[in-house]
Amino acid sequence: MSSFRAKLGSELLINDGGMGSLLQARGLKGGELPERWNVSRPEDIIAVHTAYLEAGADMLTTNTFGANALKYTDPAELREVVRRGVELAAEARKRAGRVPSPAEPAGAASASDDGSARRPAYIGLDIGPTGKLLAPMGDLPFERAVELFSEVIRTGAEAGADYVIIETMSDSYEAKAAALAAKESCSLPVLVTVTFDSRGKLLTGGTVDSVTAMLEGLKVDALGVNCGLGPVQLLPIVKRLTEIASVPVVVNPNAGLPRYENGATVYDVGPEEFSQAMLDIAALGVQVMGGCCGTTPDHIRALAAAVRPLPFRPAGEKSITLVTSFSRAVELGKRTVIIGERINPTGKKAFKQALREGNIDYILNEGLAQENAGADILDVNVGLPEIDEPAMMAEVVSRLQAVTPLPLQIDTSDPEALERALRLYNGKAMVNSVNGTAESIEKVMPVVAKYGGVLVGLALDENGIPDSAEDRVAVARRIYAAAEKYGIPAKDIVIDALALTVSSDGRSALTTLETLRKLHAGEAGSSGLSILGVSNISFGLPRRELVNSAFLGMAMECGLSAAIMNPLSPEMMNAYRSSLALLSMDENCMEYIAACANMPAASSSGTAVSASPARTSPAGGSSAPALPGPGSSPEELARALAESVKRGLADQAAQITESALSHFEPLDLINAALIPALDEVGRGFEKGTVFLPQLLLSADAAKAAFEKIKESMAGSASAPKGRIILATVKGDIHDIGKNIVKVMLENYSYEVIDLGKDVPPEVIADTAVRENIRLVGLSALMTTTVVSMEDTIKLLRKVKPDTLVVVGGAVMTEEYAAAIGADYYAPDAMATVRYADSVFGAEI
Amino acid sequence: MSSTCTGTTGLSSDAPDPGTAPGIPVSVYRGICRYLGYRNIVPDDAVRERISRNYRALEDASDRRSVFRAFPVSFPAEGAVRIGLSSSADGFTVESRDLCRNLKGCSEAVLLAVTIGPGPDMLVRRAGVSGMLDAAILQAAGAAMAEEYCEELNQSIIADEREKKRFCRPRFSPGYGDFPLLFQKDFSRILNMPGAIGVSLTDNLLMVPSKSITAVIGIADTPLSCGVSGCDACTASGNCPYRKN
């Protein structure tokens, strides 16, 4: 083991301070890339390192903060500045006589322990952010970021760095990409420090808890915070860090908050004040300390003098279990958490259909609905034999984590799907599941160990599901033992006590409850965490919700940590909230009372306990027209339906459609009521008397009606009027306009193949050829990306000359459209619909 | 009137007043209406309520940050303007008649960048999953909110300069007129936008988070009686549905 790895976490280490302002003092111009000085001004760099060594730093950070392929486009130059960066630090420590000897034991220092002792010094390869935001927020793909970091880390490791320090990360996803790159490209210790704002949040929303859990899952060797704030402002953040981190904590504050004076950035906290404030930080139990912007060798000298005499406090193992997303951490073991079960094709015809069609929005909607209903975590299961599960899982997880802050539970038995999901997951996921069989353990545990995760273990093995609680606990014990071997800490194991239906075994609920009690008491493993798929208890019985909700209460009383259930079910949520209150998990019963306030007065079954507002509010200033009564004639129903579409009343439209379907054939209803109403609204939009919001409200109402019609027609899907590709072209990520066009086209019975945004010409052309598409709609909202539109059209003409192209977008004009060879320019959604009608109508 | 005032309401004087919406500053609300395509019509109560609700969600999700610095301005050639010292890498030279006209008479300019953070972008993505109306409103509201924030900063810079007896030109951004969008890269580099306010550029020069604005504000010793500002300088004049009157 290298001596640095031995020392990290077993003795106090002093990091160096800021480099930027020191280089500026030596003449670095604003706008000049500092890493270039590794080649052009090596002695200046060595001088800075030397000053920090003399000030007592144990750790030197190389001058490579901004060295990546995005800033240095010449690969040879990039390699050189990185290599030289490491070599210069090595040279500085050699001249100072601070080279570690190979078998340096921990705690070794020669002569004296003051700052100028010949303590060995270690070289940290400094990795800073790329300067681009990762997708989906920005346009830098995750794997590209991993690549960018990997090439620099490989070079730096070869050049002789002792460790990698990834710093100033303000996005957890980028921090993950860098940490993964380090783990995959070298075997050096990896340190990661992030930058929080004064509220304790990362730029992209991460918290101390969410970031710590994710990084520990990735098995970084130390983690902490740098930049952004001074030591005083960082105190509450460091306090939380030391409470939950099980690895050594690194703190490198700025010298206070910056001030701008005569165009320069000035930091006001001097060395004495800094070191005094750092004493408070040290008192919290921090293992590595140094400084960032505004700190100088004098700051480090004062820091070292102040904190070296203090007794060392190691980090210590913390047993808190956290499942995290990019911004949220859910703790298991305090009170029962709800894992929403609805993203699962089992027994759901519409869901299976959505998976087959690639209708991701349907799945996302299920996720958001569960979030609004109170789920803490979302289970994600997209296993269907006829689809590419790994690809679908990767896409669903990416899309979900872009729209919800809820952590996810990756639910799959496909190892490739699991790996892909865990690799791109932004946070520390829950994994469902592993079981006690050797095969399952070997397939699942290594992946979870690599990427981190809270792993659900099913208490069954090669012998099947044990009948007794003792035997289930025995299997669970073996799962904990295996996890330890693979490097998954006990705190990240949750055992599924298995709920078998009482309709086939009358004692099964009792067995499960007893198993829960034993797990909770720690008889299987120290985490004492448990999980159940609650609904399994009632399979085969009528009114399953009643049995499930009673069982949930009992299980919670036995210490159930997580319940996989349906948060959209009023019975289940009522049972959940009541149980929380009864088990003293709801302080002053506040949540229960608040939920009751949202309940309708009469407590007949089926009343929803929900805090979320109604889905649609009625359009129109006057009150909504009354629903047609039961004795209404077909004409009245059709009229009412048309009216509700024109007014944008989605719930009403759905209800009226249900009644109307007993009088009308679906197609007749569409033609008699829906289309005329949409046409009227559309004409108003074109004339300028109806505006976009109304258009969209009407489209929503029509969509609700169509959904009812589709349900009644399930099995006999009618052919769409035509199939149309829509895409926002390469380089452009605006897609609201395109999505509005999609909504309108679907309303008019067109099937839309939505390729999304930033779509390369080849993808559009390939899809058009493969699916034999007659009409392609392209959208671009920037003058700079109209070029992509032109490229796309040229390619289409080449490979599929019979396809027509309609273009739109804010910068598009008739002249421009003609110039780039489009067939039609559509100024808005309705115009696109009309053009589609003319294209496809001409063929009927 | 002095061209230093950029607080237009976006309405022609004889258009009906789109009123207000609860909880939204008037100028922001009017900006939202303009971006939603309401030129001279009052949105109905339901839409207004929807706008208010979305605006509140947007406020909770936004994280305003700004960065700005002053630079010397010089004119090295006809139609070209240098922002920053000629000897320094800390600046750039632009060939743009429109920018030159905007900065005529200025000895200094402030470069600024503002953002309302990544939260609004996530809200728009979320909203787009279940229906486009809230997404469209959030998009409009986010743009209006960023505009408003930029305007606030602009006004405070104007006030500061007035104390020094100096006058500001109307703010002018890359992409206006013939001021190429390419200079977003220079803004980003010089102001350290990624580090300072967490704003980066896509390969096609879009800012992310998207509700972000960069601008140049020229500073001179004398006021200009007739300035070219905002929409007036833009070559998309005939085609833009969002043009301020």
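A: A residue is called buried when its relative accessible area is under 20%, exposed when it is over 50%, and partly exposed in between (1.4 Å probe, protein chains only). By this rule, 57% of the 844 residues of chain A are buried. The structure is a predicted model, in which local features need pLDDT of at least 70 and side-chain atom pairs count only at pLDDT 80 or more, while totals for chains, interfaces and linings use all residues. Residues are numbered from 1 along each chain as its sequence is written, chains are lettered from A and ligands numbered from 1 in the order in which they are written, and side-chain values use heavy atoms, with hydrogens and water left out.

Chain A provides the setting. Its C-alpha trace spans about 100 × 75 × 50 Å along the principal axes. Chain A holds 30 helices and 25 strands, where helices (H or I, at least four residues) and strands (E, at least two) are DSSP runs numbered from the N terminus.

The interface itself can now be described. Here 50 residues of chain A are in contact with 45 residues of chain B, contact meaning heavy atoms within 4.5 Å. Between them, the two chains bury about 4100 Å², and 62% of this lies on carbon and sulfur atoms. Buried area is the accessible area (1.4 Å probe) that two parts lose on being put together, summed over both. Of the area that chain B buries against chain A, 17% comes from B:Arg126, B:Val129 and B:Met132, more than from any other three residues.

Charged side chains also meet across the interface. Four salt bridges are found between chain B and chain A, each being a side-chain nitrogen of Lys or Arg within 4 Å of a carboxyl oxygen of Asp or Glu. One of them joins A:Arg199 to B:Asp63, with 3.7 Å from N to O.

On the side of chain B that touches chain A, the elements giving two or more residues are α2 (45–61), β1 (65–77), α4 (119–130), α5 (132–163), α7 (193–197) and β6 (200–201) of chain B. The residues on this side of chain B comprise 21 nonpolar, ten polar and 14 charged. In this grouping Ala, Val, Leu, Ile, Met, Phe, Trp, Tyr, Cys and Pro count as nonpolar, Asp, Glu, Lys and Arg as charged, and the others, Gly among them, as polar.
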